[in-house]
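Visitor: I would like to learn how to read a structure like this one. Please take me through a few features.

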Amino acid sequence: MIKWKRSLSLLAATALIGILAACGGNGETKNSADSAGKPANNTSTEQQAPSDEPVKLRIMWWGSQPRHEATLAALDLYTKNNPNITFEPEYSGMDGYLDKLSTQAAAKNAPDIVQLDPGWIPDWMSRGQLLDLAPEVDVSKFDEKLVSAGQLDGKQYAMPLGSVAFGMVYDKAAMDKLGIENPQNGWTWDEFFALAKESKSKLPKGQYFSLDYGGNYFMYSAYQYAKGKGQVITDEGHFNVDQATFVEWAAQFEELRKEGLVPPADVNASDKEHDPQMDLMAAGKVLMRYSFSNNLGTWDSIKPGAYALVTMPRAEEAGGWLKPSMFLGVTNNSKHAVEAKKFVDWFVNSQEAGDILQTFRGLPANKEIATALEANMSDLDKVGLGLLRATEPDGQKWSAGAGGWTNFIDKDWVLVRDQLMFGKVSPEQAFEQLKEASQSYEK
Amino acid sequence: MTNPFKKFRIDRLFFNSYATVLIIVIAVTAWTSYSNSSKALVQTTSHYQQQLLDELNNEITTRLVMIEQISLSSSRDNEMTHYLLNRQDEFERHRSRVGVESALGNLTYAIPLIQGIDLYMNNPIPSERQSYIQFRDINDLTRQVYAQCLDKNDFCWSKEYNLSSQQGEIPVLSFARKIVYNDDYLGTLVIHIKANEIRRLLTGNTAGSNRILADSEGQQIMKIGDPLEQNNWSQWVDLKSDKSGYVHIKGTGPSGNTLLVYSRMDNSIWTLIEFTSWNEITSSSLKLAEWIGLIGLAAVLLVLFLTLLISRQFTKPIKQLVTAMRQYSLGGEKVDLPSDYQNEFGYLFAGYRKQNERIDELYISLERRHEQQKKAEIEALQANINPHFLYNMLDQLNWMAIEAGQEELSRILELMGRMFRIGLSNGNSFIKISDELLHIQCYLEIQQLRWGDGLNYVIETEPELEELFVPKLILQPFVENSIVHGFNKLDSGIISILMEQSGNALRVVIDDNGSGLRQAEDKQPRRHTGGYGIRNVRERIAGYFGEPFGVTLKEREEGGTRVEIMLPLLTEPPSKADF
């Protein structure tokens with residue numbers, strides 16, 4: 001009897017415990033799973049670059065539509081290969097790019113990976129805004145001349161993406177139609193101005209020979225190089241515009257402006273390079289403009305087969321030069337520096353990236369990839385390569401220039417350019433203004 | 001209606017009532033916990049949602065107000081108004097455009113929330129298509145999403161729409177403001193902000209919520225999740241009040257009931273509305289109720305099982321008892337009741353056993369008595385074999401004796417006839433004492449006729465006793481015994497019969513002065529008839545009355561035998577049913 005009672009209460013107790021245990025079960029397992037999962041994640045985040053932690057990298061570049069598409073495709077491929085890495089791309093044209101990047105950098109909010117113009121590299125490196133790319137990025141396959149521009153004190157801060165030749169593009173189809181002779185590689189500035197004047201009679205109203213380069217920094221640099229007067233701003237950071245050469249140059253364009261061989265100032269000012277509607281050459285308003293060897297594809301995509309490249313006119317010396325097209329660096333406020341650098345390595349060193357990116361940023365600076373691309377290049381790219389090869393033998397030695405002159409080129413020079421263009425100043429006055437403005441940049 | 005507790009089997013009653021009570025208790029517990037906790041949940045949910053929405057509202061308002069302020073300051077910027085006034089030459093115009101573009105550009109670059117800025121003006125110089133800053137023709141304004149609201153206002157927010165840009169279709173909210181200078185309408189400044197940023201704010205840390213951002217008119221600007229349609233909720237939100245609140249919307253559609261919580265603030269033109277499915281809120285309390293129900297169910301099952309066990313244990317002895325009672329038969333096989341119960345059941349079993357034993361005893365004694373009675377009756381019947389025939393024969397014999405002149409014989413036959421008549425007494429077992437005395441007198445007269453003067457007798461009684469009843473023919477056997485055995489060797493004898501009341505009993509004493517009991521034993525065995533007669537009387541008295549009534553025989557000191565008969569005082573003959 002007593003035994004029976006005891007076993008009954010035991011049974012009841014066991015059953016109750018069973019029910020309670022069943023209730024509590026879920027919660028407990030959940031907790032233990034959480035606590036087991038979290039520390040593991042934490043340690044991996046803290047200690048080493050995790051292989052599967054989701055990472056979003058911001059990347060910013062400028063360019064035209066074909067370059068955007070190729071770059072986005074490359075990003076997609078990288079995400080496919082590394083599912084934990086995704087991208088937040090910011091891309092635009094060149095207009096405002098540096099302003100935007102500088103503003104973001106000032107707010108410590110720059111993207112992880114940025115495309116930089118070679119001219120900005122010295123400033124960015126000296127200000128410590130870029131991270132040393134070692135050891136993630138392999139530089140062994142790069143042309144020493146190109147890669148050295150991204151170095152400071154023996155550290156690699158930016159990777160050159162390609163090399164381009166500075167030359168000119170002309171609307172071959174329109175010139176042929178108008179019966180204007182095509183320029184030939186190795187032509188001279190005299191031939192340029194002569195061809196312009198020769199074309200006057202053949203150009204219909206509203207169509208011009210070339211853009212107004214009277215105040216253009218790059219074109220004047222080419223002219224001064226050709227005239228054997230060296231850099232406009234020396235590597236040491238000195239203002240080196242040759243007064244006579246500048247006045248001569250500006251005066252020649254002033255004449256073209258008066259002759260109606262370059263567009264009037266307001267028209268010229270509305271030109272937006274590579275914009276299908278607003279690019280004056282693409283719009284059929286000018287026959288010729290300067291170009292880098294890798295840009296033919298962009299114009300060709302607007303009006304296929306119409307355009308051709310030619311070397312920058314020369315004089316005593318060659319007018320054009322080879323230069324790294326642009327650089328890729330990792331900014332110092334990147335929270336995912338390791339992943340960003342790994343991506344940069346892939347972007348510049350992997351053949352699969354090279355295959356996608358083609359020559360939209362110039363002939364790749366990675367020699368192996370460049371060789372592989374050359375083997376089966378499109379006709380367009382071969383034209384670009386032709387300009388590269390034609391410029392190479394006696395081209396001017398390109399230099400990133402001295403640091404600290406970016407604003408002079410982007411702001412002061414541009415103001416003088418506009419004043420010249422709108423006829424507000426004479427060439428002499430323009431020179432004086434430049435010289436005066438340069439004072440604050442002199443080292 | 002009959003009381004079920006009187007109708008149904010006890011184990012079922014026990015089990016069912018216990019189970020019913022339990023199930024009701026558990027159901028009530030589950031229901032109250034569900035309804036209370038869901039009520040509490042709705043209250044806390046709406047409270048916290050409201051707080052959260054207020055915070056989000058604050059945050060969103062801060063952002064949007066900032067944009068409005070930026071728009072205001074930009075639109076009043078000197079360079080901007082001068083540029084728009086367009087009183088400059090081409091160069092100045094170009095340069096101020098550069099300045100305006102750069103100023104607006106810097107705003108865009110510095111404030112990541114801004115996607116881009118459009119400036120609608122007369123004769124714009126367009127920007128590069130990819131640029132964040134666009135100068136557009138004022139005539140294109142009418143085609144834009146925000147054009148309508150500008151008809152009535154100087155500035156307004158658009159609802160969310162897709163802005164096509166270089167980077168694809170980007171969802172934006174646009175703030176448009178008319179730029180007016182000296183009462184002249186110069187253009188419209190439109191700041192596009194990234195809707196996804198606001199959406200992120202609106203979403204907060206709670207994924208999966210359904211919220212609406214509505215403007216001062218109550219028009220939906222942006223939604224996340226799957227909120228109700230505009231006309232389904234607008235009636236519930238008081239747009240005139242600056243107070244937040246919540247409403248329980250009884251839904252008719254498939255979505256069912258919805259909790260609508262909205263946030264309105266005095267410093268904000270925005271209304272934030274959150275919709276939460278009622279089921280979602282109450283799901284956890286439903287889950288709680290389910291758990292309680294489940295636990296309850298398990299408990300019910302367990303308890304039912306226990307109840308079953310307990311009720312079995314309780315009702316088992318009762319059943320055994322019932323079975324035992326049902327199977328009980330007199331003298332039949334006894335059902336064994338368990339003997340290890342020490343509680344009430346034990347008493348019940350013991351009581352039942354004891355009662356059975358008593359019944360058996362009683363039955364045996366009853367049976368014995370019944371047998372005796374039967375025997376007495378049979379004997380009485382035997383004694384009365386064809387008394388009428390004998391009586392008639394005696395009558396005939398009497399007539400024969402009278403005819404033959406046998407006076408004495410005739411007398412004897414007459415007395416015998418009288419005796420017979422009394423002995424028959426219509427088959428009654430009890431007769432009045434007067435009849436009994438008459439009967440014995442007849443017998444004694446016959447014996448006197450035989451004995452002559454040697455036999456004398458005395459009968460003492462009281463008249464009131466003569467009306468009492470006694471079993472018939474109880475005196476004759478003893479008188480006969482005295483005459484046949486007591487006076488066997490003697491010439492004379494006296495028999496004295498005394499009847500008196502002794503307490504509650506009738507005492508009859510028959511004395512003789514015969515040879516007594518011893519002599520009778522020594523000599524020849526008693527005559528069969530005499531012995532039989534006395535035994536018959538004894539058994540009849542025992543059969544009718546039992547103790548303390550009966551017959552005693554003893555020697556008289558002065559010689560002879562005394563027979564003492566004790567009988568109850570019967571004023572009327574007992575009915576047959578008494579025996």
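**Strands, helices and a contact**

Guide: In chain B, five strands make an open, antiparallel sheet in the order β8-β7-β11-β10-β9. From one strand to the next the twist averages 20 degrees. This is a predicted model, in which local features need pLDDT of at least 70, side-chain atom pairs count only at pLDDT 80 or more, and totals for chains, interfaces and linings use all residues. Residues are numbered from 1 along each chain as its sequence is written, while chains are lettered from A and ligands numbered from 1 in the order in which they are written.

Visitor: What counts as a strand, and when do two of them pair?

Guide: Strands (E, at least two residues) and helices (H or I, at least four) are DSSP runs, numbered from the N terminus. Two strands pair if DSSP finds at least two bridges between them. Here β7 (residues 210-214) of chain B pairs with β8(B) over four bridges, in the antiparallel sense. Ile212(B) has Lys223(B) in β8(B) as its bridge partner.

Visitor: Which helix touches β7 and β8 of chain B?

Guide: Helix α6 (residues 195-203) of chain B packs on the sheet there, its direction making about 65 degrees with that of β8(B). Such angles run from 0 to 180 degrees between N-to-C directions, with axes fitted as lines to C-alpha atoms, for helices over the stretch in contact. Two residues are in contact if their C-beta atoms, placed from the backbone, lie within 7 Å. Helix α8 (residues 278-327) of chain B lies across β10 (258-264) and β11 (271-277) of chain B, at about 55 degrees to β11(B).

Visitor: Do β13 and β15 of chain B run parallel or antiparallel?

Guide: Strands β13 (residues 455-460) and β15 (residues 493-502) of chain B are parallel, with six bridges. Tyr457(B) is partnered by Ile495(B) in β15(B). On the other hand, β15(B) and β16 (residues 505-512) of chain B run antiparallel, joined by eight bridges. Their hairpin has two residues between the strands, and Gly503(B) takes a positive phi near 70 degrees.
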